[in-house]
Amino acid sequence: MLEATDITVTFGRHRVLDRAAVTVSPGEVVGLAGPSGCGKSTLARVLALLLRPSGGRVVLDGQPVHRWRHRAPRRTAVGLIFQQPRLAVDPRFTLLDVITEPLRANRRPLTRAHELAEELGLTPELHSRRPHEVSDGQLQRACVARALALEPRYLICDEMTTMLDASTQAHLVARIEAYRERTGAGVLAVSHDIELLERWSGGNVRELAPTLPIKEAAPATGERSSA
Amino acid sequence: MKLRVEGLSVRFRLPGAVVHAVTDARFELREGHCLALVGESGCGKSVMAHALLGLLPANATVTGHAWLDSLDLVAAGERTLAREVRGRRIGLVPQSPAAHLTPVRTARAQLAEALRELGRPETPDELARRAGLRPGDLDRYPHQLSGGMAQRVANALALAGDPPLILADEPTTGLDRPLVEATMAELRRLCDEGRAVLLITHDLRAAEQIADDVAVMYASRIVELTEARTFFTAPRHPYAAGLLDALPTRAFTPVPGQPPELTRLPGGCAFQPRCPRATALCDEQPVLNGVACHHA
Ligand SMILES: Nc1ncnc2c1ncn2[C@@H]1O[C@H](COP(=O)(O)OP(=O)(O)OP(=O)(O)O)[C@@H](O)[C@H]1O
Ligand SMILES: Nc1ncnc2c1ncn2[C@@H]1O[C@H](COP(=O)(O)OP(=O)(O)OP(=O)(O)O)[C@@H](O)[C@H]1O
Ligand code: SF4
Ligand SMILES: [Mg+2]
Ligand SMILES: [Mg+2]
């Protein structure tokens, strides 16, 4: 189980998460919704062990996490598909490099990268292209392949299909579902699209409530909202 | 204001291959109207928008015409495009806006600069409010913005020069439903006041809310161009029908088969390998007459 409890994150004067919690069991799909800016991507980064929260705990399959941003093996247990693919890849890599990089870093066979590319609908002509030579959706498919490369036990999809046409969205969700059924991985699907989340998770959707700005911390421009 | 696109094509040269990104696009967009452009990821939507603004990289070749009133955007030089067109006569909301913001400057500084360059009287706060941002959000640097906030900053930037034509490439990415609706309402209001909007979107529900017409693109070509009402109730092209069926509120099944390779398109209809209605007739390229299909 991937469990986050009482997660608090503060950036400077901004409290972004205030005792947020979410749990994903193996084999389960959990949908996570909430208004823009409420902290979904921040919570996703905490769960993917990429961001140390100011407070709270993350427990991965019974083991409390003490160290963030460290390398294998714990990091590879959770895969994250970032909301913004253009910010999530090295612009010098080809799409195939993007997919093989985690395999190479973990000394796994690189042949898997080709299979993944095909499964995700990246035709061979695209493999040698660099990010600026492909569409946003093509780049996102490479990012999905990269996240699946090391077969994580938990997969966090942060607005994975947010700029994709309906057919490509249905295709990617079907690939992730096939992966989940084959490996028993747990999936956290973050999106604004409630209809998508309802359909994908079979109604297993949580709402992340926005954190009210702390009064003293609110800037003088009047960003405060009343409880 | 009228945009008339006539036989617009874009090719990218790559080592050993040519990408057919846009092929023979033809459409008109008049003031007061919103045209939605939809289609499969990688079919050429963003490239079409960039071609209109002369924003393609050096390996691209653009042919055909795109008349913005009496100015041919394809033939216009970089100077004209930079001084008169971008931001002033045509506003662009780029896809993946976070990648287009300057990392070292706050959102407010970027909006202020755009307004100053365009000689506009509004303040960044007023502009931002129209895009659904709170003034406090503007003090942040791009990396401190959530995905949906970066989108709203990009939307505000595109409106800064009050351009008569707005090319909005996925303007609702990362926005929650109330913000999507507010953004659509704002774009519709601009149309009703006499501007024109080309709305590239995956969000068919948003498109339905404001589009007068819908253009469906597949493998670099517009394959259906019709009134929005017709598209949503009775799409004629088999690909358009497949796209609507893929919605989570409908069958949620993808169009079967692999996306086409734009470096090796077949001579006939590019949808043929995936089309349930294909016959021998489809070896010939269908022409667009409302719909480009031999069996629609
Ligand atoms: N590095 C940072 N420094 C300061 N504030 C930040 C930082 N990263 C995020 N924030 C703020 O934290 C809040 C939550 O951001 P987050 O990206 O988690 O939201 P989100 O729910 O994913 O939003 P969206 O739906 O728009 O993607 C926002 O107000 C954002 O401005
Ligand atoms: N610089 C380039 N060199 C070569 N090919 C390119 C270049 N830029 C884009 N392409 C190709 O042109 C085609 C059209 O890309 P475009 O970005 O317009 O797609 P799109 O319809 O906007 O897709 P998405 O919905 O994923 O954003 C794609 O197949 C892409 O791989
Ligand atoms: S022309 Fe033929 S292959 Fe193409 S969409 Fe129509 S029926 Fe299908
Ligand atoms: Mg987010
Ligand atoms: Mg695009």
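Which cysteine holds the sulfur closest to that of B:Cys34, and how far away is it? Select B:Cys34 and B:Cys191. The two sulfurs are 5.0 Å apart, and B:Cys191 has the closest cysteine sulfur, but this is too far for a bond. A disulfide here is a pair of cysteine sulfur atoms within 2.5 Å. B:Cys34 is buried, at 0% relative accessibility. Buried means under 20% relative accessible area, exposed means over 50%, and partly exposed is in between, with a 1.4 Å probe and protein chains only.

**Before moving on**

This is a predicted model, in which local features need pLDDT of at least 70, side-chain atom pairs count only at pLDDT 80 or more, and totals for chains, interfaces and linings use all residues. Residues are numbered from 1 along each chain as its sequence is written, chains are lettered from A and ligands numbered from 1 in the order in which they are written, and side-chain values use heavy atoms, with hydrogens and water left out.

**Stop 1: colour by confidence**

The model scores ipTM 0.94 and pTM 0.94. Now colour by pLDDT, the predictor's confidence in each residue, from 0 to 100. Chain B averages 96, and 100% of its residues score at least 70. Chain A has a mean of 90, with 90% of its residues at 70 or more. Select residues 214–227 of chain A: pLDDT is below 50 there, and the stretch has 16 contacts in the model beyond near neighbours in sequence. Contact means heavy atoms within 4.5 Å.

**Stop 2: chain A as a whole**

Show chain A as a cartoon. Chain A has 7 helices and 9 strands. These are DSSP runs, numbered from the N terminus: helices are H or I, at least four residues, and strands are E, at least two. Of the 227 residues in chain A, 54% are buried. Take the contacts in chain A between residues at least 6 apart in sequence: 70% of them join residues at least 24 apart.

**Stop 3: another cysteine**

Select A:Cys157. Its closest cysteine sulfur is in A:Cys143, 12 Å away, too far for a bond. A:Cys157 is buried, at 1% relative accessibility. Searching the whole structure gives 0 disulfides over all chains.

**Stop 4**

A:Ser41 sits in helix H1 (residues 40–47) of chain A, while A:Gln83 is in the loop between strand S6 (78–81) and helix H2 (85–88), 42 residues apart. A:Ser41 is partly exposed, at 23% relative accessible area. A:Gln83 is buried, at 11%.

**Stop 5**

B:Ser46 is in helix H1 (residues 45–52) of chain B, and B:Gln95 is in the loop between strand S6 (90–93) and helix H3 (107–117), so the pair ties together parts 49 residues apart in sequence. B:Gln95 is buried, at 12% relative accessibility.

**Stop 6: ligand 3**

Show the residues around ligand 3. There are 13 of them, and B:Cys269, B:Cys275, B:Cys282, B:Cys293 and B:His294 come nearest. A residue is near a molecule if one of its heavy atoms lies within 4 Å of it. The shell has 8 nonpolar, 4 polar and 1 charged residues. Ala, Val, Leu, Ile, Met, Phe, Trp, Tyr, Cys and Pro count as nonpolar, Asp, Glu, Lys and Arg as charged, and the others, Gly among them, as polar.

**Stop 7: A:Thr161**

Select A:Thr161, in the loop between strand S7 (154–158) and helix H6 (166–183) of chain A. A:Thr161 is buried, at 5% relative accessibility. Not counting residues up to four places away in sequence, A:Thr161 touches A:Gln169, A:Leu172, A:Leu196 and B:His202.

**Stop 8: two positive phi angles**

Finish in chain B, in the loop between strand S9 (213–218) and strand S10 (221–227), at B:Ala219. B:Ala219 has a positive phi, near 45 degrees, and is not a glycine. B:Ala219 is buried, at 4% relative accessible area. B:Ser220 lies in the loop between S9 and S10 too. Phi of B:Ser220 is about 80 degrees, also positive in a residue that is not a glycine. B:Ser220 is buried, at 2%.
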